[in-house]
Amino acid sequence: MIVETEQILHMNGGEGETSYARNSLLQRKVISEVKPILEESVTKLYNTLFPDCLKVGDLGCSSGPNALLVASEIIDTIDAKSRSLNRQPPTFQIFLNDLPGNDFNTIFKSLPNFYKALENEKGSQFGPCFIAGIPGSFHGRLFPANSMHFFHSSCSAHWLSQVPKGLTDGLAPVKNKGNIYVTHSSSPAVYRAFVEQFQQDFKLFLRSRSEELVPGGSMVVTIGGRTETEELVSPWGLLGMTLNDMVLENLIEEEKLENFDIPLYYPTAEEVRQVIDTESV
Ligand SMILES: C[S@@+](CC[C@H](N)C(=O)[O-])C[C@H]1O[C@@H](n2cnc3c(N)ncnc32)[C@H](O)[C@@H]1O
C-alpha cells in the first residue's frame with residue numbers, strides 16, 4: 001500500500017510529554033547556531049529593499065516554541081536595524097508553513113501572548129506584525145509570484161515528498177531489507193533511489209521559492225546532512241536495527257518492515273551544491 005506522505009506526515013502536536021513542542025531541543029540548538037547567518041542575511045535584504053511591509057515565510061515551522069522563535073529573531077533584528085537608521089520599522093507579515101497535518105492550532109493559540117510581548121517590548125513605534133498559517137507542501141508553490149522578501153527553513157528540507165520512487169514503483173521495486181532508511185548495509189540501488197528523490201524534491205523546493213521571491217529576495221535554509229566521509233548512520237539506522245530484531249523475535253511481520261521506509265534523506269554538501277548549480281544556470 002502506498003500512503004501519500006504529505007497528507008499524513010506531521011510531528012506530534014500539543015504540549016504533552018511526547019509532543020514536538022517538548023522534544024525539539026536539538027532543532028532549537030540548530031536555530032541558535034544559525035542565528036548570526038540569519039541576522040546577516042535579513043539585515044542585508046532590509047538594507048537593499050527597505051520594504052514597507054516585510055514578507056517572510058518560515059517553511060516547515062512545526063509547532064511548539066521553535067515555530068515562533070525565528071519570527072521573533074527576524075523581528076528583533078529588523079526592528080533594531082531600522083531604529084538605528086532612524087527609520088520607521090516595517091510592518092511584518094510572517095507566514096508559518098507546514099503540511100496540513102501540522103498542529104497549527106497550538107501555534108494560533110499562542111499568538112495573543114506573542115503579540116502582547118512584542119507590544120510591551122517594542123512600544124508603539126513597532127510594526128505592526130501579522131502572522132498567518134500556510135498549510136501546504138514546500139515542494140510546490142505556496143505564495144503568489146514575486147510576493148515574498150525572505151524565506152527561512154530549518155531542519156525540514158531533508159524530508160522527502162514521498163518514500164523514494166524506486167522503492168515503491170515498477171514491477172520489481174528495490175527492497176531496503178532490514179532497514180527503514182539508507183544505511184551502509186543498503187544496496188547501491190537503494191542509495192540511488194534516496195539521492196534521486198532528494199534531488200527531485202529539492203529542485204522543486206528551489207524552483208518554487210525562486211518564483212515566489214521578489215528580485216533581490218533571499219533565503220536561509222538549514223538541512224540535516226552528513227559529511228562525505230561519514231558513514232550512512234543516523235538514529236534511523238539504529239531504529240531499523242531494533243525493528244529488525246523485533247522481526248527476528250516474531251514481534252512484527254517481516255513484510256511490514258520491508259515495505260516501510262522513512263521519507264527523508266541527509267545529503268552531503270556536494271549533493272546539495274549539485275542541485276543548486278543545476279538550478280542556477
Ligand atoms: C523536524 S521539524 C522542524 C521544525 C522547525 N523548523 C524546527 O526547527 O524546530 C520538520 C518539519 O518539516 C515539516 N515538513 C516536512 N515536509 C514538508 C513539506 N513538504 N512541506 C512543508 N513542511 C514539511 C514537518 O511536518 C515538520 O513539522
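A crossing of two helices is right-handed if the near helix is turned clockwise from the far one by less than a right angle. In this predicted model, H2 passes H3 in such a right-handed crossing.

**Packing of H2 against H3**

- The axes of H2 and H3 cross at roughly 35° and come within 9 Å.
- On the H2 side, the contact is made by Gln27, Arg28, Ile31, Lys35, Leu38, Glu39, Val42, Thr43, Tyr46 and Asn47.
- H3 contributes Asn66, Leu69, Val70, Glu73, Ile74, Thr77, Ile78, Lys81 and Ser82 to this contact with H2.
- By class, the residues of the H2 and H3 contact comprise eight nonpolar, six polar and five charged.

**Packing of H3 against H4**

- Helix H3 spans residues 66-84 and helix H4 spans residues 104-122; their axes come within 12 Å and cross at roughly 20°.
- Because angles under 35 degrees count as roughly parallel, H3 and H4 are roughly parallel to each other.
- The crossing of H3 and H4 is right-handed.
- From H3, the residues that meet H4 are Ala67, Leu68, Ala71, Ser72, Ile75, Asp76, Asp79 and Arg83.
- Their partners in H4 are Ile107, Ser110, Leu111, Phe114, Leu118, Glu121 and Lys122.
- The contact of H3 with H4 contains eight nonpolar, two polar and five charged residues.

**Packing of H6 against H9**

- Helix H6 (residues 188-212) packs on helix H9 (residues 269-279) at an angle of about 45°, and their axes are 10 Å apart.
- H6 and H9 are therefore oblique to each other.
- The crossing of H6 and H9 is right-handed.
- H6 presents Tyr191, Val195, Phe198, Gln199, Phe202, Lys203, Leu206 and Arg207 to H9.
- H9 meets these residues with Glu271, Val272, Gln274, Val275, Ile276 and Glu279.
- The residues of the H6 and H9 contact divide into eight nonpolar, two polar and four charged.

**Loop between H1 and H2: Asn12 and Ser19**

- Asn12 is placed in the loop between H1 and H2, and Ser19 lies in the loop between helix H1 (5-8) and helix H2 (25-49).
- Ser19 counts as buried because its relative accessibility is 1%, whereas Asn12, at 39% relative accessibility, counts as partly exposed.
- Not counting residues up to four places away in sequence, Asn12 touches Thr18, Ser19, Tyr20 and Ser63.
- Leaving aside neighbours within four places in sequence, Ser19 is in contact with Asn12, Gly13 and Gly14.
- A polar atom of the side chain of Asn12 lies 3.0 Å from the backbone oxygen of Thr18.
- The side chain of Ser19 reaches the backbone oxygen of Gly16 at 2.6 Å.
- Asn12 and Gly64 are 52 residues apart along the chain, and their C-alpha atoms are separated by 9.9 Å.

- Most residues other than glycine have a negative phi.
- Phe50, although not a glycine, has a positive phi of about 40°.
- Phe50 is located in the loop between H2 and strand E1 (53-59), and at 27% relative accessibility Phe50 counts as partly exposed.
- Asn86, which is not a glycine, has a positive phi of about 60°.
- Asn86 belongs to the loop between H3 and strand E2 (91-98), and its relative accessibility of 74% places Asn86 among exposed residues.

**Loop between H8 and H9: Pro267**

- Pro267 is found in the loop between helix H8 (254-258) and H9.
- With 3% relative accessibility, Pro267 counts as buried.
- Leaving aside neighbours within four places in sequence, Pro267 is in contact with Phe198, Ile223, Gly224, Gly225, Arg226 and Val272.
- Of these contacts, Phe198 in H6 and Val272 in H9 also take part in the contact between those two helices.
- Pro267 and Thr227 are 40 residues apart in sequence, and the distance between them is 8.3 Å, C-alpha to C-alpha.

Note on methods
Residues are numbered from 1 along each chain as its sequence is written. This is a predicted model: local features need pLDDT of at least 70, side-chain atom pairs count only at pLDDT 80 or more; totals for chains, interfaces and linings use all residues. Side-chain values use heavy atoms; hydrogens and water are left out. Axes are lines fitted to C-alpha atoms, for helices over the stretch in contact, and angles run from 0 to 180 degrees between N-to-C directions. Helices (H or I, at least four residues) and strands (E, at least two) are DSSP runs, numbered from the N terminus. Angles under 35 degrees count as roughly parallel, over 145 as roughly antiparallel, 65 to 115 as roughly perpendicular and the rest as oblique. Contact means heavy atoms within 4.5 Å. Ala, Val, Leu, Ile, Met, Phe, Trp, Tyr, Cys and Pro count as nonpolar, Asp, Glu, Lys and Arg as charged, and the others, Gly among them, as polar. Buried means under 20% relative accessible area, exposed over 50%, partly exposed in between (1.4 Å probe, protein chains only). A polar contact is a pair of N or O atoms within 3.5 Å; within protein, one must be able to donate a hydrogen and the other to accept it, and residues adjacent in sequence count only if both atoms are side-chain atoms.
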